[in-house]
Amino acid sequence: MRSAQAQETPITQAQPPLPTASLSITGRDGTVHHFTVELARTEREQEVGEMFRTHLAPDAGMLFLWPTPRESDMWMRNTLIPLDIVFISQDHRIHAISEDAIPRSEAILSSEGPVGSVLELPGGTTARLGIVVGDRVSSPAYGTAAHDGRSGPAKGPGK
């Protein structure tokens, strides 16, 4: 998904794979789910996001790191596969989930409050694994990447 802001340069193809980090989501019952996520840090990486990609492995995703907490509005423009959009609060707890976002939709999916990051997972993942609001998200990416000054404004899913 990508942010719902206007684009300067038209996006016509998927971006190359981005650097990755491990990420885990721990449920209230202690169950831990492990993922490898690409890190969308720059404004352009966030704008392009998962656009034009035709596959996302079941244990993969993309993490959008905001430099400061913000309301995040995402969309699925040019995103060809369904995604679960997981909005993560500054304290690394899941704040909200938009499940099975519809490919190519320009409907706005909002965090409904300020969040520190957004995680895109393959559509249906949160329901399949029982991931819910309040679950804890951990990743080494939260150590420095979220505050390195390179993140631009929220673009939305399918950026």
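Student: Which residue in β6 is the bridge partner of Ile-85?

Tutor: Ser-98 is the β6 partner of Ile-85. Keep in mind that this is a predicted model.

Student: How do you know that strand β5 and β6 pair?

Tutor: Two strands count as paired once DSSP finds at least two bridges between them. β5 (residues 83-88) and β6 have 5 bridges, running in the antiparallel sense, so they meet that cut-off.

Student: Zooming out, how many helices and strands does the protein chain have?

Tutor: There are 3 helices and 9 strands. Read from the N terminus, the order is β-β-β-α-β-β-β-β-α-β-α-β. Of the 159 residues in the chain, 51% are buried.

Student: Which residues have the most contacts inside the largest nonpolar core?

Tutor: That core has 18 residues, and the ones with the most contacts inside it are Phe-64, Met-74, Leu-83, Ile-85, Phe-87 and Val-118. Two or more residues each come from β4 (60-75), β5, β6 and β7. β4 gives the most, with 5 residues. There is also a second, separate core of 17 residues, with Leu-23, Phe-35, Val-86 and Ile-94 among them.

Student: Why is the aromatic pair of Phe-64 and Trp-66 called tilted?

Tutor: Start with the distance: ring centres have to lie within 6.5 Å, and for Phe-64 and Trp-66 they are 6.1 Å apart, so the two rings pair. Next comes the angle. Under 30 degrees would be stacked and over 60 would be edge-to-face. The planes here are at 50°, so "tilted" is the label that remains. Phe-64 and Trp-66 are both buried, and a search of the whole structure finds 1 aromatic pair.

Student: What makes Thr-126 count as buried?

Tutor: Buried means under 20% relative accessibility. Thr-126 comes in at 1%, so it counts as buried. Thr-126 is found in helix α2 (residues 125-129). Beyond its sequence neighbours up to four places away, Thr-126 touches Asp-84, Val-86, Ile-97, Glu-99, Leu-121 and Ile-131.

Student: Which residues is Ala-107 in contact with, leaving aside neighbours within four places in sequence?

Tutor: Met-74 and Trp-75. Trp-75 is 32 residues away from Ala-107 in sequence, yet their C-alpha atoms are 5.9 Å apart.

Student: How do you know that the side chains of Glu-106 and Arg-77 meet in a salt bridge?

Tutor: For Glu-106 and Arg-77 it is 2.8 Å, so the pair qualifies. Glu-106 sits in the loop between β6 and β7, and Arg-77 in the loop between β4 and β5, so 29 residues separate them and the pair links distant parts of the chain. Glu-106 is partly exposed at 46% relative accessibility, and Arg-77 is partly exposed at 22%.

Student: What separates Glu-47 and Arg-44 in helix α1?

Tutor: About one helical turn, because they are 3 residues apart in α1 (residues 43-48). The burial labels of the two partners go separate ways: Glu-47 is buried at 7% relative accessibility, whereas Arg-44 is partly exposed at 35%.

Student: Which residues are linked in a network of salt bridges?

Tutor: Glu-38, Glu-50 and Arg-53. Over the whole structure, the search finds 4 salt bridges.

Key: Residues numbered from 1 in each chain as written. Predicted model: local features only at pLDDT ≥ 70, side-chain atom pairs only at ≥ 80, totals over all residues. Heavy atoms only, no water. Phe/Tyr/Trp six-rings, centres within 6.5 Å; stacked < 30°, edge-to-face > 60°. Buried < 20%, exposed > 50% of the residue type's maximum accessible area, 1.4 Å probe, protein only. Contact = heavy atoms within 4.5 Å. Helix = DSSP H or I, 4+ residues; strand = E, 2+ residues; numbered from the N terminus. Core = buried A, V, L, I, M, F, W, Y, C linked by side-chain atoms within 4.5 Å.
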